[in-house]
Amino acid sequence: RKIRLRSTLVSLFFVALFGTIAGRAAQLQVVEGSWLSSRAERQYQRVLTVTGRRGTIADTNGDPLAVSVQATSIAADPRLIEDPHKTALRLAPSLKLKRKVLQQKLSSKRHFVWLKREVAPDTVDAIRALKIDGLHFMAETSRVYPAKTQAGQLLGFAGIDGRGLEGVEFFYEKHLRPSSRKIQVAKDALGRGFDDAPAETDGLNGHNVQLTIDRNIQFITEKALAEAVTRYDANNGMAVVMAPDSGAILA
């Protein structure tokens, strides 16, 4: 009788145990399933803003005066940096930043901080080789002026965020500025993986602007003007070259 009683009690215990597990499983799957799924999705997905390339500024012959090229910027998730002090010591020489500044950024309570924008390719390779968890290599575009300072007063320049601040870059900002869209990308438990592959930017690029300026005539004009200013010990000088038949400004 005692053995039968014990067997009955053990059986009842396991029936109650499995009933509890089944009930909890049903609650998770049916009652809380959608909530848990959405929470998991938020944890393993990241929303990124993808921006196209800024439009090109060219001279009358189509030669580029201002273009946007692919660049890499380095950011970090301070939550994943185990030792901010040690990490700052390793990164400071390559990034050419003060250790204290880096350490302060890596100790932040934020989920995302920029370390340095538009980093040289060799520096990016060197930092990738360090294999530091928590660093992100973000694909961006950098504004480049192939003719350097030529027509610089006319072209103006764009800032680190890609917005025109002076000259043609500023005046035609709405035309040159690219569009952007948000995309969702997967990441692992450590927050890595969302920056592994560049996103498609088709249809997001800004419009190009073609000037009447002739790059060759601009070069000759600037050289002649500089020589004249030096020869006559002038404070400054100005020159405009115009096509008489059309009124187009060539330099």
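**Close-ups of a predicted model**

**View 1. Proline 146 sits in the loop that links β5 and α6.** Helices and strands here are DSSP runs, numbered from the N terminus (a helix is H or I over at least four residues, a strand is E over at least two). This is a predicted model, where local features need pLDDT of at least 70, side-chain atom pairs count only at pLDDT 80 or more, and totals for chains, interfaces and linings use all residues. Residues are numbered from 1 along each chain as its sequence is written, and side-chain values use heavy atoms, with hydrogens and water left out. Proline 146 counts as partly exposed because its relative accessibility is 35% (buried is under 20% relative accessible area, exposed is over 50%, partly exposed is in between, with a 1.4 Å probe and protein chains only). Look for valine 67 too: 79 residues separate proline 146 from valine 67 in sequence, yet their C-alpha atoms are 7.7 Å apart in space.

**View 2. Alanine 147 belongs to the loop between β5 and α6.** Its relative accessibility comes to 13%, so alanine 147 goes down as buried.

**View 3. Lysine 148 has a positive phi, near 60°, without being a glycine.** You can find lysine 148 in the loop between β5, which covers residues 135-144, and α6. Is lysine 148 buried or exposed? With a relative accessible area of 69%, lysine 148 is exposed.

**View 4. Alanine 151, again a residue other than glycine, has a positive phi near 60°.** Its place is in the loop between β5 and α6. Alanine 151 counts as buried, because its relative accessibility is 3%.

**View 5. Serine 73 and glutamate 140 touch through their side chains, in a polar contact of 2.3 Å.** A polar contact is a pair of N or O atoms within 3.5 Å; within protein, one must be able to donate a hydrogen and the other to accept it, and residues adjacent in sequence count only if both atoms are side-chain atoms. Serine 73 is part of strand β3. The relative accessible area of serine 73 is 0%, which means it is buried.

**View 6. Aspartate 77 is in the loop that runs between β3 and α3.** Of those two elements, β3 takes in residues 64-76 and α3 takes in residues 84-95. Aspartate 77 has a relative accessible area of 3%, so it is buried. The side chain of aspartate 77 reaches that of arginine 79 in a polar contact of 2.7 Å.

**View 7. Phenylalanine 112 and tryptophan 114 make an edge-to-face aromatic pair.** Rings of Phe, Tyr and Trp (its six-membered ring) pair if their centres lie within 6.5 Å; planes under 30 degrees apart are stacked, over 60 edge-to-face and the rest tilted. How many aromatic pairs does this rule give? The count is 2. In the pair of phenylalanine 112 and tryptophan 114, the ring centres are 5.2 Å apart, with 85° between the planes. Tryptophan 114 is partly exposed, because its relative accessibility is 30%. The ring of tryptophan 114 has another neighbour to look for: arginine 117 lies over its face, 4.2 Å from the ring centre (a charge sits over a ring if NZ of Lys or CZ of Arg is within 6 Å of the ring centre and within 35 degrees of the ring normal).

**View 8. Arginine 128 places its charged end over the ring of phenylalanine 137.** From the charged end of arginine 128 to the centre of that ring is 4.2 Å.

**View 9. Phenylalanine 171 is exposed, with 66% relative accessible area.** Tyrosine 172 has a relative accessibility of 36%, so it counts as partly exposed.

**View 10. Lysine 182 lies in strand β6, which spans residues 180-186.** Where along the exposure scale does lysine 182 fall? Lysine 182 is exposed, because its relative accessible area is 62%. Include threonine 51 in this view as well: lysine 182 and threonine 51 are 131 residues apart along the chain, and 8.8 Å separates their C-alpha atoms.
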